[in-house]
Amino acid sequence: MEFSGTLILAGLILALLWLWSMKNRRKYPLPPGPTGLPLIGNLLQVDKHVPFKSMLKLSEKYGPVMTLHLGWQRVVVLVGYDTVKEALVDQADDFVGRGPVALLLKVTKGYGLAISNGDRWRQLRRFTLTTLRDFGMGRKGMEEWIQEESQHLVTHIAAPFDPRFLLSCTVSNVICCLVFGQRFSYDDERFLSLLKIISEILKFGSSPLGGMYNVFPWLMERLPGHQHTVFSQAEEVKKFIMTKIQEHMETINPSVPRDYIDCFLTRLSQEKDTPTSEFHYDNLVSTVLNLFLAGTETTSTTIRYALSVLIKYPNIQGTVTSKTPPRHHTSSSMLHSGNQACGIHPFTFSASHKDTAVGTKDLKFGLIRPKHRFPLV
Ligand code: HEM
């Protein structure tokens with residue numbers, strides 16, 4: 001009797017939730033999409049290992065602009081080059097927002113460039129772009145650093161070798177020079193363990209368990225599992241960053257900035273009495289974490305995939321390694337094509353901050369609570 005009572009109650013709650021979601025659907029009309037189940041939405045229709053493949057398949061039926069329910073979260077999916085370009089490039093100002101990613105929010109507590117929106121994002125982004133450029137990013141200066149670091153890579157290459165870790169060391173060292181003003185030896189235990197953690201965090205982020213955390217953070221916080229290990233590892237990376245910041249505070253000479261941290265600390269001190277300033281300690285720690293994480297895995301994975309393309313198509317190897325002037329162009333376009341062809345970054349989480357139209361579909365984001373108004377691309 002007790003059991004059947006619980007079942008009836010659960011059934012009633014589910015029916016109410018379904019009715020509530022139907023009401024919302026009529027109130028905030030969004031692009032078409034498959035009907036979802038209460039609580040879990042369309043999760044059963046999305047392959048947890050390769051979600052973008054399911055989305056491509058679903059878009060054959062619902063078109064390039066469609067709505068999916070990932071658990072409670074309603075998301076608009078933009079599929080294909082033309083649609084993504086129309087939204088994120090042609091209407092860049094409307095789609096400038098960043099959607100809430102529970103995993104990142106947990107690690108950064110909402111601070112830092114990569115997860116923020118509005119004025120915080122604007123201040124940190126402008127400062128970061130200018131500072132990185134001043135240190136040579138995207139310019140000749142950076143090319144020289146990269147060439148110098150690649151010499152260290154070459155001395156560690158012994159045939160046969162596993163490119164995964166080695167490439168991460170090389171790429172990360174270039175970012176470490178920019179951010180911490182120093183490179184680390186490829187045998188430095190601390191450095192190697194940080195790189196391992198970064199790789200673990202990103203692996204977790206794209207795993208089914210990481211996906212579950214993003215969809216049901218409240219529940220996953222309360223369940224035992226690997227997510228807790230990943231979060232305590234992320235704390236280790238943050239502790240390392242805090243130690244480096246402390247070292248910088250003790251040795252800084254504002255007239256000779258050595259790296260990104262020095263520049264940020266100088267700005268922090270200049271704006272310490274400005275109440276609207278986003279240049280404070282928490283934003284510094286999280287933005288350095290963003291640069292460290294976002295730069296390392298993305299670039300080393302791109303290079304790894306490009307290497308596998310070279311192995312598969314040996315005929316292009318000659319062009320890339322040729323000593324004639326277009327060499328740089330060929331290598332760089334090969335890296336970009338490798339990135340596109342291998343789908344290294346199939347998703348990005350953006351948010352629109354007002355009613356917007358993409359293709360023939362009106363996206364009424366402005367009517368939805370801010371934390372829900374993001375399309376998943
Ligand atoms: C092949 C290499 C890379 C790929 C494929 C890549 C990809 C991406 C993508 C797709 C985004 C999200 C853009 C958006 O939603 O608007 C992003 C953001 C970001 N990336 Fe990268 N990235 C790469 C290299 C780097 C490097 C080397 C750094 C740093 C040194 C970096 C730092 C960042 C930061 C800080 C953000 C957040 C920017 C913002 O919110 O304004 N990335 N990246």
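**The main core**

Select Ile175, Leu178, Val179, Tyr260, Val288, Leu289 and Phe292 in this predicted model. These residues have the most contacts inside the largest nonpolar core, a set of 43 residues. α4 (102-108), α5, α7, α8 (189-205), α11 (226-251), α12 and α13 each supply at least two residues. Which helix gives the most? It is α7, with nine residues.

Centre on Phe292. Leave aside its neighbours within four places in sequence, and Phe292 is in contact with Ile175 and Val179.

Then move to Met55, Met66, Val75 and Val76. They are included in a second, separate core of 13 residues.

**Where α11 meets α13**

Which residues meet here? Select Val237, Lys238, Ile241, Met242 and Ile245 on α11. Facing them on α13 are Leu284, Val285, Val288 and Leu289. Val288 and Leu289 were also in the opening selection, among the residues with the most contacts inside the largest core.

**Along α5**

Next, select residues 118-134, which form helix α5. Check its length by taking the C-alpha atoms at the two ends. They lie 24 Å apart.

Pick out Leu124, Thr128, Thr131 and Leu132, the buried residues of α5. They cover an arc of only 95 degrees around the axis, which means that they sit on the same side of the helix. Turn to the other side of α5. There Gly118, Asp119, Arg126 and Thr130 are exposed.

What covers the buried residues of α5? Bring back α7 (163-180), α12 (260-270) and α13 (281-312), which are included in that cover.

Step off the end of the helix to Gly136. Just after α5, this glycine takes a positive phi of about 100 degrees.

Go to Leu39, in the loop between α1 (2-27) and α2 (51-62). Its phi is near 70 degrees, a positive value in a residue other than glycine.

Jump to Lys109, in the loop between α4 and α5. Here phi is near 55 degrees, again positive in a residue other than glycine. Lys109 has 13 C-beta neighbours inside 10 Å, so it too counts as partly exposed.

Select Val65, found in strand β1 (residues 65-70). Val65 has 26 C-beta neighbours inside 10 Å and therefore counts as buried, the cut-off being 20 or more.

**Zoom out**

Finally, show the whole chain. It has 15 helices and seven strands. Colour by burial: buried residues make up 30% of the 377 residues. Then draw the contacts between residues at least 6 apart in sequence. Of these, 65% join residues at least 24 apart.

Notes
Residues numbered from 1 in each chain as written. Predicted model: local features only at pLDDT ≥ 70, side-chain atom pairs only at ≥ 80, totals over all residues. Helix = DSSP H or I, 4+ residues; strand = E, 2+ residues; numbered from the N terminus. Expected span 1.5 Å × (residues − 1). Buried ≥ 20, exposed ≤ 12 C-beta atoms within 10 Å, placed from the backbone. Arc of directions from axis to C-beta. Contact = placed C-beta atoms within 7 Å. Core = buried A, V, L, I, M, F, W, Y, C linked by C-beta atoms within 7 Å.
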